[in-house]
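Subject: Structure handover

Hi,

I am passing this structure on to you. Please open it first, then read the notes below.

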Amino acid sequence: MGNFLAGKVVAVTGAGRGIGRAVALAAAAEGAKVVVNDYGVAVDGASPTSEVAEAVVKEIGAAGGDAVAVADDISTMAGGQRMVDAALSSYGRLDGVVCVAGILRERMLFNMTEEEWDPVVATHLKGTFTVFRAASAVMRKQRAGTLIGFTSGNHQGSVSQANYSAAKGGIISLVRSAALGLHKYGVTANAVAPVARTRMSAGVPTELAEIGEPEDVAAFVVYLLSDGARDAGITGQVYTVAGPKIAVWAQPRELRAAYASEGPWTPERIAEVLPGSVGVDPMPMLAQLAAMEVAARAGERPNA
Ligand SMILES: NC(=O)c1ccc[n+]([C@@H]2O[C@H](COP(=O)([O-])OP(=O)(O)OC[C@H]3O[C@@H](n4cnc5c(N)ncnc54)[C@H](O)[C@@H]3O)[C@@H](O)[C@H]2O)c1
């Protein structure tokens, strides 16, 4: 066991499987006391069981670490609050939260139902809010803490996962809002976009050029939870972790502007000015989609 997180208390949602489990095990191995949350559901969010969270707590205990299980649904306010309360009642403080829990319900936008939209947005976006809300109230008083959300490269858009993509984009804005609102209290907030072999990524129909293991993501999250990341001033950032690759995403910013010079804009004047001066910022995902369609027509398994 290392001591990168010695003395810290960390709560992880979706910690029963995949990346969340790897984060919980790695944090415990680095000396943190861990709250292991998992609702124990199928990839689509159905059939909850408490055994999944309890199994990881046993694993941490067997390795000499300290953990408690919370098998709640974090898409509820009570679930998020109970996870934070478990940290306080078991260990007396809360230094970091990592919101990894997620589900998928894929459907083309024109066929997507409310039952496919609501639970996906609730698990990812609201499930990050419920935990950030409860944890930030504690961290504000402590004047220290780390909030970590999980997003995806698919926040750029997704053909058949508008629900998931919208939630992941929302998580980035939530993280940036937390970073801004809590900066003066010494609390940081960052997002991780992982690419790792889990049951969730197993269903991706493309050959992923850059993919790694949950443990690669866990090592990065341990660093973000450490004092070193706080001292380096890391907040409001989005990082990709895919096997050997780590990358930082740009902050959104205006690319080009034009100003009305002869009175207010009219549709005619916009038609004259916009294409040549402001223009567009081409979507990389659209180009990737076109390449995938060509590969699919040629009978190959497309690359992404
Ligand atoms: N695996 C990848 O390549 C990849 C890529 C991009 C983003 N992500 C994101 O990383 C995170 C982890 O994904 P994974 O691949 O490890 O998935 P996974 O399916 O292996 O694990 C997700 C866990 O979340 C739990 N969970 C679901 N709903 C919950 C709820 N309401 N309350 C508490 N727990 C709940 C599940 O029971 C499961 O154990 C997700 O947010 C996912 O969107 C993963």
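This is a predicted model: local features need pLDDT of at least 70, side-chain atom pairs count only at pLDDT 80 or more; totals for chains, interfaces and linings use all residues.

Helix 8 itself covers residues 267–278. One of its twelve residues is buried, so the helix lies largely in the open.

Next, the surface. M108, F110 and V159 form a nonpolar patch there. Together they have about 310 Å² of accessible area. F110 sits in the loop between strand 4 (96–99) and helix 4 (114–142). Its relative accessibility is 66%, so F110 counts as exposed. The cut-off for exposed is over 50%.

Compare A247, in strand 8 (residues 245–248). A247 counts as partly exposed because its relative accessibility is 26%. How far apart are A247 and M108 in sequence and in space? They are 139 residues apart in sequence. From C-alpha to C-alpha, they are 30 Å apart in space.

Now the second largest pocket. It holds about 330 Å³ of space. These residues line the pocket:

- H155 and Q156
- A250, Q251, P252, R253 and L255
- D281, P282, M283, P284 and M285

By class, seven residues of the lining are nonpolar, three are polar and two are charged.

Best wishes

Notes:
Residues are numbered from 1 along each chain as its sequence is written. Side-chain values use heavy atoms; hydrogens and water are left out. Patches are made of residues with over 30% relative accessible area and no salt bridge: like charges are joined within 9 Å, nonpolar side chains (Val, Leu, Ile, Met, Phe, Trp, Tyr) within 5 Å. Accessible areas come from the Shrake-Rupley method with a 1.4 Å probe; for residues, only the protein chains shown count as cover. A salt bridge is a side-chain nitrogen of Lys or Arg within 4 Å of a carboxyl oxygen of Asp or Glu. Helices (H or I, at least four residues) and strands (E, at least two) are DSSP runs, numbered from the N terminus. Buried means under 20% relative accessible area, exposed over 50%, partly exposed in between (1.4 Å probe, protein chains only). On a 1 Å grid over the protein atoms alone, a cavity is a set of points where a 1.4 Å probe fits but cannot get out, and a pocket is an open set with protein on both sides within 12 Å along at least five of seven lines; lining residues have an atom within 4 Å of a point. Grid points are joined across faces, edges and corners, and a volume is the space filled by probe spheres set on the points. Ala, Val, Leu, Ile, Met, Phe, Trp, Tyr, Cys and Pro count as nonpolar, Asp, Glu, Lys and Arg as charged, and the others, Gly among them, as polar.
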